[in-house]
Amino acid sequence: MQKNRMRRVWIMVAALSLAMVAACSPEYNWREVSVGGEAGMVLFPDKPRSQQRSLEFAGHEVQFTLTTADIGGTLFAVGHAPWPAPMLADEAMRQGMGKEVVASLYRNLGREAPAELPGFGQVFEVSGDASSGMRLRAQVWVSGHGLVEGIVMGPADGFPEAAAGEFLASVAKGR
């Protein structure tokens, strides 16, 4: 009888411990969301928000939309920018903007961009400088229609490997 009681107490303690760990972990409530343009449908881990702003590149105004969801301090984001008319006809300009976007992701984490940047569509990672403690995993695509970027950025310790992979795979598929 005493043995059964101890066993029940042990099971309750274990269940309570698991519940506490689950409560401290970010909850992923995956949903498919249309982010427009070439980005298409993307699987976000929570209800996303979108912002739009104008960027200037080589004297041309580019409308950039960023759709984000934040889970436990980790940002899941898809950026999309359709090319303005003058850039549609200029492959070199589109490639230049794509490279500038990739390089900016390094600079945003206090790192110098490598001489040879990751290729478009290639997954790459950047670890922030010691003061930031952040880690970024991203992909950037440049096409004849626009630029698309998928980004997961969060604390280096506890970076959500599986969720980042699932999110970026959905961005790649949506393209």
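Predicted model: local features only at pLDDT ≥ 70, side-chain atom pairs only at ≥ 80, totals over all residues.
Residue numbers start from 1 along each chain as its sequence is written. Local features need pLDDT of at least 70, side-chain atom pairs count only at pLDDT 80 or more, and totals for chains, interfaces and linings use all residues, while side-chain values use heavy atoms, with hydrogens and water left out.

**Stop 1: aromatic pairs**

A search of the whole structure finds six aromatic pairs. Rings of Phe, Tyr and Trp (its six-membered ring) pair if their centres lie within 6.5 Å; planes under 30 degrees apart are stacked, over 60 edge-to-face, and the rest tilted.

Select Trp 30 and Phe 76. Their ring centres are 6.4 Å apart and the planes meet at 85°, so this pair is edge-to-face. Trp 30 sits in the loop between helix 1 (2-24) and strand 1 (31-34), and Phe 76 in strand 5 (residues 74-82), so the pair ties together parts 46 residues apart in sequence. Helices (H or I, at least four residues) and strands (E, at least two) are DSSP runs, numbered from the N terminus.

Trp 30 has 25% relative accessibility, so it counts as partly exposed. Phe 76, at 0%, counts as buried. The cut-offs: buried is under 20% relative accessible area, exposed over 50%, partly exposed in between (1.4 Å probe, protein chains only).

Next, select Phe 44 and Phe 167. This pair is edge-to-face too, at 5.2 Å centre to centre and 65° between the planes. Phe 44 belongs to strand 2 (residues 41-44) and Phe 167 to helix 4 (residues 161-174), 123 residues apart. Both Phe 44 and Phe 167 are buried.

Ring pairs link Tyr 28, Trp 30, Phe 44, Phe 76 and Phe 167 into a cluster.

**Stop 2: the cores**

Select Met 87, Met 97, Leu 105, Phe 124, Leu 136 and Val 140. Of the 22 residues in the largest nonpolar core, these touch the most other members. Such a core is a set of buried Ala, Val, Leu, Ile, Met, Phe, Trp, Tyr and Cys residues joined through side-chain atoms within 4.5 Å. Elements giving two or more residues include strand 4 (60-71), strand 6 (124-127) and strand 7 (134-142). Helix 3 gives the most, with six residues.

Another core, of 18 residues, lies apart from it; Phe 76, Val 78, Ala 164 and Phe 167 are among its members.

**Stop 3: Ala 39**

Ala 39 is in the loop between strand 1 and strand 2. At 0% relative accessibility, Ala 39 counts as buried. Which residues is Ala 39 in contact with, leaving aside neighbours within four places in sequence? Show Val 78, His 80, Val 148, Gly 174 and Arg 175. Contact means heavy atoms within 4.5 Å. Ala 39 and Val 78 are 39 residues apart in sequence and 7.7 Å apart in space, C-alpha to C-alpha.
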